[in-house]
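Here is a short report on one protein model.

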Amino acid sequence: MTSPTATVLLVFGCGVVADGHGHRLTAEGEARTRAAVAYVTAHAAEFRRAALPRVVFTGGWPLGSPEAACPPAGCREAELMLARARAAGLDRYADLHAETRSRTTLQNLVHTVEDGLLAGHEFDPARPLGLVSHPWHLPRIRFLAGKVLRLSGAALLEVAAADTATGRARRRERAIRAAARLGYLGVHTPAGLLRRERGIARSARLLSGWTRR
């Protein structure tokens with residue numbers, strides 16, 4: 001039996017690097033963009049037949065701290081990924097959009113919905129929503145998509161980027177995922193999730209400051 005094709009993709013950012021040459025994607029962000037391009041081109045016929053094929057790149061800038069500086073317009077994660085995808089010709093197969101307000105994975109999902117970037121689409125096992133990220137990140141995205149979008153199981157299709165994560169990065173992600181499952185327990189609305197996230201971030205900053213004393 002052939003697996004269904006996701007003709008709507010959410011691509012999750014993974015940081016912006018600023019140097020003497022301007023702003024650029026991290027290696028992980030580049031890998032996720034390549035994964036989206038590869039998936040769409042491999043399923044070009046399905047995208048051409050779809051009523052509203054769409055690829056949404058998500059991410060303003062990383063790190064939840066309010067003190068983290070925002071890259072200038074045109075240099076945010078989603079904008080840089082979209083530019084790469086357009087250069088690869090992805091706009092021949094799907095409408096490309098950028099959600100540029102978010103700093104976290106939860107915000108990626110919430111702001112995508114708030115900005116109406118999934119409007120007009122219904123997702124189910126026959127018409128899944130594609131999630132594009134690294135294998136170590138996808139379990140947390142699935143968990144949060146269940147909270148924000150009320151989607152789970154075969155209604156979500158994973159599109160994995162090539163994985164080069166270190167053991168330390170994997171352990172850190174497992175810890176973040178465990179904290180998210182505990183921290184968001186009993187919270188089921190986007191507004192409530194964002195409030196809880198702010199509380200978790202404040203607690204983490206306080207704990208970090210205390211442990212450095």
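A salt bridge is a side-chain nitrogen of Lys or Arg within 4 Å of a carboxyl oxygen of Asp or Glu. Arg 127 and Asp 124 meet this rule, with N to O at 2.7 Å.

First, some ground rules. This is a predicted model, in which local features need pLDDT of at least 70 and side-chain atom pairs count only at pLDDT 80 or more, while totals for chains, interfaces and linings use all residues. Residues are numbered from 1 along each chain as its sequence is written, and side-chain values use heavy atoms, with hydrogens and water left out.

**Salt bridges**

The structure holds eight salt bridges. Three of them are listed here.

| Pair | Closest N and O atoms |
|---|---|
| Asp 91 and Arg 86 | 3.8 Å |
| Glu 158 and Arg 142 | 2.6 Å |

The pair of Glu 158 and Arg 142 forms a salt bridge. It links distant parts of the chain: Glu 158 sits in strand S7 (residues 156-160) and Arg 142 in helix H5, 16 residues apart. Helices (H or I, at least four residues) and strands (E, at least two) are DSSP runs, numbered from the N terminus.

How covered are these side chains? The scale is relative accessible area: buried means under 20%, exposed over 50%, and partly exposed in between (1.4 Å probe, protein chains only). Glu 158 is partly exposed, at 40%. Arg 142 is partly exposed too, at 25%. Asp 91 has a relative accessible area of 40%, and Arg 86 has 44%; Asp 91 is partly exposed, and so is Arg 86. For Arg 127 the value is 49%, and for Asp 124 it is 23%. Arg 127 counts as partly exposed, as does Asp 124.

Salt bridges also form a network. Its members are Arg 101, Glu 114 and Asp 115.

Strand S1 covers residues 8-12. Five of its five residues are buried, so the strand is largely enclosed by the rest of the structure. In a regular strand the side chains alternate between the two faces of the sheet. Both faces of S1 are covered. Val 8, Leu 10 and Phe 12 lie on one side, with Leu 9 and Val 11 on the other.

Which strands does S1 join? Two strands pair if DSSP finds at least two bridges between them. Five bridges join S1 to strand S4 (residues 54-58), and the two run parallel. Val 11 stands opposite Phe 57 there. Three bridges join S1 to strand S6 (residues 129-133), again in parallel. Here Leu 9 has Gly 130 as its bridge partner.

Val 55 is found in S4. Its relative accessibility is 0%, so Val 55 counts as buried. Val 55 and Met 81 are 26 residues apart in sequence, and their C-alpha atoms are 11 Å apart in space.

**Two covered helices**

Helix H4 (residues 105-114) is mostly covered, with eight of its ten residues buried. Among them are Leu 106, Leu 109, Val 110 and His 111. Gly 116 follows H4 and has a positive phi, near 70°.

Helix H5 (residues 138-148) is mostly covered as well: eight of its eleven residues are buried. These include Leu 138, Ile 141, Phe 143 and Leu 144. Two charged residues, Arg 140 and Lys 147, are also buried. Arg 150 follows H5, and its phi is positive, near 60°.

**A pocket**

Rolling a probe the size of a water molecule over the atoms shows where empty space is left. On a 1 Å grid over the protein atoms alone, a pocket is an open set of points where a 1.4 Å probe fits, with protein on both sides within 12 Å along at least five of seven lines; lining residues have an atom within 4 Å of a point. Grid points are joined across faces, edges and corners, and a volume is the space filled by probe spheres set on the points.

The second largest pocket holds about 250 Å³ of space. Its lining has 15 residues, and Thr 7, Val 8, His 121, Glu 122 and Arg 127 lie nearest its centre. The lining divides into eight nonpolar, four polar and three charged residues. Ala, Val, Leu, Ile, Met, Phe, Trp, Tyr, Cys and Pro count as nonpolar, Asp, Glu, Lys and Arg as charged, and the others, Gly among them, as polar.

**Cysteines**

Cys 14 is partly exposed, at 23% relative accessibility. Cys 75 is buried, with a relative accessible area of 19%.
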